[in-house]
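Here are my notes on this model, as numbered points. Please read them with the structure open.

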Amino acid sequence: MLRLYDHRTGRAEALPAGRGLRVQVVDSSDGPDGGYRRAVVADLLRRVAERAGRRVRVVSTPSTASGLDDYNVQPFEVLEDVLPDADVYVTGRADMDALCLVVPQETESAPDPLTARLAMLEVPYKEPLELSGERVAASTERLDAWRGKVAEWATSPGRPMSREYADEAMAALADDLDGPAALAVLDRLAADRDVPPGAKLETFIHLDLVLALGLVSAIGQA
(Lines give C-alpha, C1' and ligand atoms only; values in the text may rest on other atoms or scores of the structure.)
Protein backbone atom coordinates (compact mmCIF):
# COMPACT_ATOMS: atom_id res chain seq x y z
CA MET A 1 0.00 0.00 0.00
CA LEU A 2 1.43 3.34 -1.08
CA ARG A 3 1.43 5.96 1.66
CA LEU A 4 2.43 9.62 1.41
CA TYR A 5 2.90 12.31 4.03
CA ASP A 6 -0.20 14.51 4.35
CA HIS A 7 0.44 17.94 5.88
CA ARG A 8 -3.22 18.14 6.90
CA THR A 9 -2.89 15.23 9.33
CA GLY A 10 0.84 15.33 10.03
CA ARG A 11 1.39 11.68 9.12
CA ALA A 12 1.70 9.36 6.16
CA GLU A 13 -1.69 8.40 4.73
CA ALA A 14 -2.75 5.77 2.21
CA LEU A 15 -3.51 7.12 -1.24
CA PRO A 16 -7.17 7.33 -2.30
CA ALA A 17 -8.58 3.99 -3.42
CA GLY A 18 -9.04 3.25 -7.10
CA ARG A 19 -7.04 2.20 -10.14
CA GLY A 20 -6.31 5.70 -11.36
CA LEU A 21 -4.03 8.32 -9.83
CA ARG A 22 -3.76 11.97 -10.92
CA VAL A 23 -0.51 13.74 -10.06
CA GLN A 24 0.01 17.47 -10.65
CA VAL A 25 3.51 18.93 -10.70
CA VAL A 26 3.31 22.64 -9.87
CA ASP A 27 6.12 25.03 -10.80
CA SER A 28 8.72 22.32 -11.11
CA SER A 29 11.23 24.81 -12.46
CA ASP A 30 12.52 27.57 -10.16
CA GLY A 31 14.71 30.19 -11.76
CA PRO A 32 16.27 30.51 -15.19
CA ASP A 33 18.50 27.46 -14.83
CA GLY A 34 15.62 25.21 -13.96
CA GLY A 35 15.11 22.76 -11.15
CA TYR A 36 14.60 19.05 -11.49
CA ARG A 37 13.88 17.64 -8.07
CA ARG A 38 10.08 17.96 -8.11
CA ALA A 39 9.98 16.37 -11.53
CA VAL A 40 12.16 13.48 -10.31
CA VAL A 41 9.96 12.99 -7.24
CA ALA A 42 6.82 12.97 -9.40
CA ASP A 43 8.46 10.48 -11.76
CA LEU A 44 9.41 8.22 -8.85
CA LEU A 45 5.87 8.43 -7.51
CA ARG A 46 4.50 7.43 -10.91
CA ARG A 47 6.86 4.45 -11.20
CA VAL A 48 6.10 3.22 -7.67
CA ALA A 49 2.35 3.60 -8.17
CA GLU A 50 2.46 1.86 -11.55
CA ARG A 51 4.40 -1.02 -10.01
CA ALA A 52 1.47 -1.31 -7.56
CA GLY A 53 -0.99 -1.56 -10.46
CA ARG A 54 -2.23 2.04 -10.62
CA ARG A 55 -2.87 3.93 -13.86
CA VAL A 56 -1.05 7.21 -13.32
CA ARG A 57 -1.58 10.52 -15.11
CA VAL A 58 1.12 13.10 -14.39
CA VAL A 59 0.38 16.68 -15.41
CA SER A 60 2.73 19.65 -15.16
CA THR A 61 2.49 23.37 -15.67
CA PRO A 62 4.42 24.90 -18.59
CA SER A 63 7.25 26.03 -16.30
CA THR A 64 8.55 22.48 -16.02
CA ALA A 65 12.30 22.35 -16.57
CA SER A 66 13.55 21.25 -19.96
CA GLY A 67 15.81 18.26 -20.47
CA LEU A 68 13.89 15.99 -18.14
CA ASP A 69 14.61 12.97 -20.32
CA ASP A 70 18.27 13.29 -19.32
CA TYR A 71 17.10 12.60 -15.76
CA ASN A 72 15.13 9.55 -16.93
CA VAL A 73 11.88 11.39 -16.18
CA GLN A 74 9.09 10.02 -18.31
CA PRO A 75 7.19 12.72 -20.23
CA PHE A 76 4.49 14.70 -18.41
CA GLU A 77 1.26 15.98 -19.89
CA VAL A 78 1.58 19.78 -19.96
CA LEU A 79 -1.48 21.94 -19.24
CA GLU A 80 -1.74 25.69 -18.83
CA ASP A 81 -3.75 25.45 -15.61
CA VAL A 82 -3.32 23.38 -12.47
CA LEU A 83 -5.75 20.49 -12.13
CA PRO A 84 -8.37 21.38 -9.50
CA ASP A 85 -8.93 17.77 -8.49
CA ALA A 86 -5.57 16.01 -8.59
CA ASP A 87 -5.01 13.24 -6.07
CA VAL A 88 -1.46 14.43 -5.33
CA TYR A 89 0.23 17.80 -5.88
CA VAL A 90 4.03 17.95 -6.08
CA THR A 91 4.82 21.52 -5.23
CA GLY A 92 6.94 23.92 -3.23
CA ARG A 93 4.43 24.75 -0.53
CA ALA A 94 1.33 23.26 1.05
CA ASP A 95 -1.10 26.03 0.25
CA MET A 96 -4.20 24.03 -0.68
CA ASP A 97 -6.58 21.61 1.01
CA ALA A 98 -5.21 18.59 -0.81
CA LEU A 99 -2.47 16.01 -0.51
CA CYS A 100 0.70 18.00 -1.26
CA LEU A 101 4.21 16.64 -1.50
CA VAL A 102 6.25 19.70 -0.54
CA VAL A 103 9.59 19.29 -2.28
CA PRO A 104 12.28 21.99 -1.88
CA GLN A 105 14.11 22.42 -5.15
CA GLU A 106 17.77 21.48 -5.24
CA THR A 107 20.43 24.13 -5.04
CA GLU A 108 23.53 23.95 -7.24
CA SER A 109 23.76 21.34 -9.98
CA ALA A 110 25.61 18.22 -11.06
CA PRO A 111 27.28 17.68 -14.43
CA ASP A 112 25.71 14.23 -14.84
CA PRO A 113 21.87 14.14 -14.63
CA LEU A 114 21.67 10.55 -13.38
CA THR A 115 24.20 11.28 -10.65
CA ALA A 116 21.96 14.20 -9.69
CA ARG A 117 18.93 11.88 -9.72
CA LEU A 118 20.70 9.51 -7.35
CA ALA A 119 21.62 12.40 -5.06
CA MET A 120 17.96 13.43 -5.01
CA LEU A 121 16.91 9.91 -4.02
CA GLU A 122 19.55 9.81 -1.28
CA VAL A 123 17.80 12.61 0.64
CA PRO A 124 14.16 12.45 1.85
CA TYR A 125 12.13 14.53 -0.57
CA LYS A 126 10.85 16.83 2.20
CA GLU A 127 14.37 17.91 3.18
CA PRO A 128 16.54 20.60 1.51
CA LEU A 129 19.12 19.35 -0.95
CA GLU A 130 22.35 21.05 -1.95
CA LEU A 131 24.21 19.39 -4.79
CA SER A 132 27.55 20.35 -3.31
CA GLY A 133 30.79 19.06 -4.76
CA GLU A 134 31.17 16.65 -1.85
CA ARG A 135 27.65 15.23 -2.25
CA VAL A 136 27.98 14.89 -6.01
CA ALA A 137 31.33 13.11 -5.62
CA ALA A 138 29.84 10.64 -3.14
CA SER A 139 26.85 9.97 -5.40
CA THR A 140 29.13 9.51 -8.40
CA GLU A 141 31.23 6.98 -6.50
CA ARG A 142 28.15 5.04 -5.40
CA LEU A 143 26.61 5.00 -8.87
CA ASP A 144 29.87 3.98 -10.55
CA ALA A 145 30.35 1.18 -8.02
CA TRP A 146 26.86 -0.20 -8.66
CA ARG A 147 27.28 -0.01 -12.42
CA GLY A 148 30.60 -1.81 -12.17
CA LYS A 149 29.03 -4.55 -10.06
CA VAL A 150 26.07 -4.91 -12.45
CA ALA A 151 28.50 -5.28 -15.39
CA GLU A 152 30.48 -7.89 -13.43
CA TRP A 153 27.36 -9.84 -12.41
CA ALA A 154 26.16 -9.87 -16.01
CA THR A 155 29.00 -12.29 -16.86
CA SER A 156 27.72 -14.85 -14.31
CA PRO A 157 25.07 -17.56 -14.82
CA GLY A 158 21.50 -16.26 -14.65
CA ARG A 159 19.52 -16.77 -11.47
CA PRO A 160 16.06 -15.64 -10.31
CA MET A 161 16.04 -12.31 -8.50
CA SER A 162 16.00 -12.10 -4.72
CA ARG A 163 12.35 -11.53 -3.89
CA GLU A 164 13.27 -10.73 -0.28
CA TYR A 165 15.51 -7.80 -1.20
CA ALA A 166 13.20 -6.60 -3.98
CA ASP A 167 10.17 -6.59 -1.70
CA GLU A 168 12.08 -4.77 1.04
CA ALA A 169 13.17 -2.01 -1.34
CA MET A 170 9.69 -1.61 -2.81
CA ALA A 171 8.17 -1.51 0.68
CA ALA A 172 10.51 1.36 1.53
CA LEU A 173 9.49 3.27 -1.60
CA ALA A 174 5.83 2.64 -0.86
CA ASP A 175 6.33 4.20 2.58
CA ASP A 176 6.36 7.89 1.61
CA LEU A 177 8.90 7.36 -1.20
CA ASP A 178 11.71 6.50 1.20
CA GLY A 179 14.55 6.60 -1.30
CA PRO A 180 17.38 6.45 1.25
CA ALA A 181 16.03 3.21 2.71
CA ALA A 182 15.52 1.65 -0.72
CA LEU A 183 19.05 2.56 -1.79
CA ALA A 184 20.43 1.09 1.43
CA VAL A 185 18.79 -2.20 0.43
CA LEU A 186 20.81 -2.16 -2.80
CA ASP A 187 24.00 -1.59 -0.82
CA ARG A 188 23.26 -4.55 1.44
CA LEU A 189 22.32 -6.75 -1.51
CA ALA A 190 25.54 -5.91 -3.34
CA ALA A 191 27.56 -6.91 -0.26
CA ASP A 192 25.59 -10.10 0.54
CA ARG A 193 27.84 -13.09 -0.20
CA ASP A 194 24.94 -15.51 0.17
CA VAL A 195 23.12 -14.13 -2.89
CA PRO A 196 24.46 -15.42 -6.24
CA PRO A 197 25.72 -12.78 -8.70
CA GLY A 198 23.02 -13.65 -11.23
CA ALA A 199 20.32 -13.07 -8.62
CA LYS A 200 21.88 -9.74 -7.67
CA LEU A 201 21.84 -8.71 -11.32
CA GLU A 202 18.17 -9.53 -11.80
CA THR A 203 17.22 -7.77 -8.57
CA PHE A 204 19.14 -4.62 -9.48
CA ILE A 205 17.55 -4.56 -12.94
CA HIS A 206 14.08 -5.10 -11.43
CA LEU A 207 14.50 -2.23 -8.98
CA ASP A 208 16.16 0.08 -11.48
CA LEU A 209 12.96 0.07 -13.53
CA VAL A 210 11.59 2.14 -10.63
CA LEU A 211 14.72 4.02 -9.53
CA ALA A 212 15.71 4.79 -13.16
CA LEU A 213 19.43 5.26 -12.49
CA GLY A 214 20.71 3.60 -15.67
CA LEU A 215 22.45 0.85 -13.72
CA VAL A 216 22.81 -1.41 -16.77
CA SER A 217 24.78 1.15 -18.77
CA ALA A 218 28.12 -0.55 -18.09
CA ILE A 219 27.05 -4.09 -19.07
CA GLY A 220 29.47 -5.45 -21.65
CA GLN A 221 32.32 -3.28 -20.40
CA ALA A 222 33.41 -5.46 -17.47
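1. Start with the pair Asp43 and Arg117. Their side chains form a salt bridge, with the closest N and O atoms 2.8 Å apart. Aspartate 43 sits in helix H1 (residues 37–51) and arginine 117 in helix H2 (residues 113–121), so the contact ties together parts 74 residues apart in sequence. Bear in mind that this is a predicted model.

2. Is this pair buried or exposed? Aspartate 43 is buried, at 0% relative accessible area. Arginine 117 is also buried, at 0%. The cut-off for buried is under 20%.

3. The pair belongs to a network of salt bridges that links Asp43, Arg46, Arg47 and Arg117. The structure holds 16 salt bridges.

4. Next, look at Asp85 and Arg22. They form a salt bridge, with the closest N and O atoms 3.1 Å apart. Aspartate 85 is in the loop between strands S5 (77–78) and S6 (88–91), and arginine 22 is in strand S3 (residues 20–25), so parts 63 residues apart are tied together. Aspartate 85 is partly exposed at 42%. Arginine 22 is partly exposed at 31%.

5. Asp175 and Arg3 also meet in a salt bridge, at 2.7 Å from N to O. The two lie 172 residues apart: aspartate 175 in the loop between helices H4 (163–174) and H5 (179–191), arginine 3 in strand S1. Aspartate 175 is partly exposed at 33%, and arginine 3 is partly exposed at 32%.

6. Strands S1 (residues 3–6) and S2 (residues 11–14) pair antiparallel over four bridges. Four residues separate the strands in this hairpin, and glycine 10 has a positive phi near 75°.

Conventions: Residues are numbered from 1 along each chain as its sequence is written. This is a predicted model: local features need pLDDT of at least 70, side-chain atom pairs count only at pLDDT 80 or more; totals for chains, interfaces and linings use all residues. Side-chain values use heavy atoms; hydrogens and water are left out. Two strands pair if DSSP finds at least two bridges between them. A salt bridge is a side-chain nitrogen of Lys or Arg within 4 Å of a carboxyl oxygen of Asp or Glu. Buried means under 20% relative accessible area, exposed over 50%, partly exposed in between (1.4 Å probe, protein chains only).
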